[in-house]
Each structure stands twice: as C-alpha cells, then as structure tokens.
Amino acid sequence: AGMRVARRLGAALTHRDFRILWIGAFTSTVGTWMQNVAKNWLVLDLTNSSFYLGLDSFLGELPLILFTLIGGVVADRHSRRLLLSASQYVQMGCAFVLALLVYSGAITIWHILMLSFVAGTAQAFGGPAYQSLIPALVPKTDLPNAVALNSIQFNLGRIVGPMIAGTTLAVLGSWLGQDTGTALCFAING
C-alpha cells in the first residue's frame, strides 16, 4: 500500500522528460534563491541603503509585470524549449558576470541593478515557456500531480537556496574573504 501511495504522489516523475525538467527547475530555483540572498547582502554591504535594496528587488520584479504577457505570446508562437533555454542562458550569464565583478572588486550598485533587470526580463520570457511545457510532458491524468510537484520544487528551493547561500557566505566567506563567499554564491547559481 505504501508503494502505491508513493507512486501516486510522484506519478508525474515517472515521465522522463518531466523528471528532467523538474530537476533542472529545482536546481535553478535553489541557485536563484542563493543569488538573491548573496545579492541582498552585497547591496547592503556596498550601499548600506534600504532604498537600493528595495530598488534592486523592484528592478528584478518589474520585467515580470511588464513582459510576462509578451513572454506568453512568444512562448505560444515559438519553440518553448528554445525560449526556456535562452532564458536560462541569460540568467546564467548574469550570475557569472556578477561573480566576476565581485571577485575582481569592480562591482558597483549600478551593475547589480542593471543585471537584476536583465535577469528579471529573462524570467519574464522563460516563466511562461516553462509553465506551458508541463502539459506537453505528462499525460492529462498526471497533470494535477505535475502542477503539485512544480509547487513543491519551487517552495523547497526557497528553503534550500537561502540555507546554502547562508552557509556559503558564513563558512567560505570567513575562510576565503567575504567577497569570495559572495562571488561563489553567484558562481554556483551560474
């Protein structure tokens, strides 16, 4: 009976393509939350300003309001897989640029604000592509399970990501220097 319950709880994960997408999304969510924690720490370290902390969050979320509808239209008319991949590559590039700028000591608040907006824009196009891929990867009978598992991965990533970021900032930052710990959070996300 226990095996049957486990199979029902993870029914969508029995489909290879959904499982790959789920693992990739979970990994990306963990990395995104790591980056958010490190970025917030960095903004406060650079500016000691709650205004810039709020502005960074605003600029990261603004593209979601402005461009998600457009991203949905693009996802309906073009390859969702290609759009999702492009979105992830842009976000990866932003993470690596942040890591390099922090590690080299060249980072400014304007770099962070600009990269937050660029990454948010990529999310505005990648999000609708991701959401519309799910029904194509599982049969209709497993779709409610796939939606539930998607929520689980997102919420689990919101817990695991900050925990790893905090550990990276505290432990590696104290051993290698705070800037190195912050740069590592960005690099790990990338």
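**Questions on an all-helix model**

Reader: Which residues is Y52 in contact with, leaving aside its neighbours within four places in sequence?

Author: Y52 is in contact with V43, T47, I109, W110 and L113. Contact means heavy atoms within 4.5 Å. This is a predicted model: local features need pLDDT of at least 70, side-chain atom pairs count only at pLDDT 80 or more, and totals for chains, interfaces and linings use all residues. Residues are numbered from 1 along each chain as its sequence is written, and side-chain values use heavy atoms, with hydrogens and water left out.

Reader: Why is Y52 called partly exposed?

Author: Its relative accessible area is 22%. Buried means under 20%, exposed over 50%, and partly exposed in between (1.4 Å probe, protein chains only). The value of 22% falls in between, so Y52 is partly exposed. Y52 is in helix α3, residues 50-77. Its C-alpha is 9.4 Å from that of N40, twelve residues apart in sequence.

Reader: What makes a run count as a helix, and how many helices are there?

Author: A helix is a DSSP run of H or I with at least four residues; a strand is a run of E with at least two. Numbering starts from the N terminus. By that rule the protein chain has seven helices and zero strands. The order is α-α-α-α-α-α-α.

Reader: Why is Q35 called buried?

Author: Its relative accessible area is 9%. That is under the cut-off for buried, so Q35 qualifies. Q35 is in helix α2. Leaving aside neighbours within four places in sequence, Q35 is in contact with A95, L98, F186 and N189.

Reader: What about G181: buried or exposed?

Author: Buried, at 0% relative accessibility. G181 is in helix α7.

Reader: Why is P135 placed in its accessibility class?

Author: P135 has 44% relative accessibility, so P135 counts as partly exposed. P135 is in helix α5. Its C-alpha lies 9.0 Å from that of V147, twelve residues apart along the chain.

Reader: What makes a set of residues a nonpolar core?

Author: Its members are buried Ala, Val, Leu, Ile, Met, Phe, Trp, Tyr and Cys residues, joined through side-chain atoms within 4.5 Å. The largest such core has 23 residues. Those with the most contacts inside it are L42, L98, V102, I107, I112, C185 and F186. Helices α2 (16-47), α4 (80-104), α5 (109-137), α6 (143-176) and α7 (178-189) each supply at least two residues of this core. A second, separate core of 15 residues includes L21, W22, L83 and I134.

Reader: What does V102 touch?

Author: V102 touches L42, I107, D179, T182, A183 and F186, not counting residues up to four places away in sequence.

Reader: How do you know that the radius of gyration of the protein chain agrees with a compact globule?

Author: The radius is taken over C-alpha atoms, and the globule rule is 2.2 Å times the number of residues to the power 0.38. With 190 residues, the rule gives near 16 Å; the protein chain has 18 Å, which agrees. The C-alpha trace spans about 50 × 40 × 25 Å along its principal axes.

Reader: What share of the contacts with a separation of 6 or more comes from residues 24 or more positions apart?

Author: They account for 80% of those contacts. As for burial, 38% of the 190 residues count as buried.
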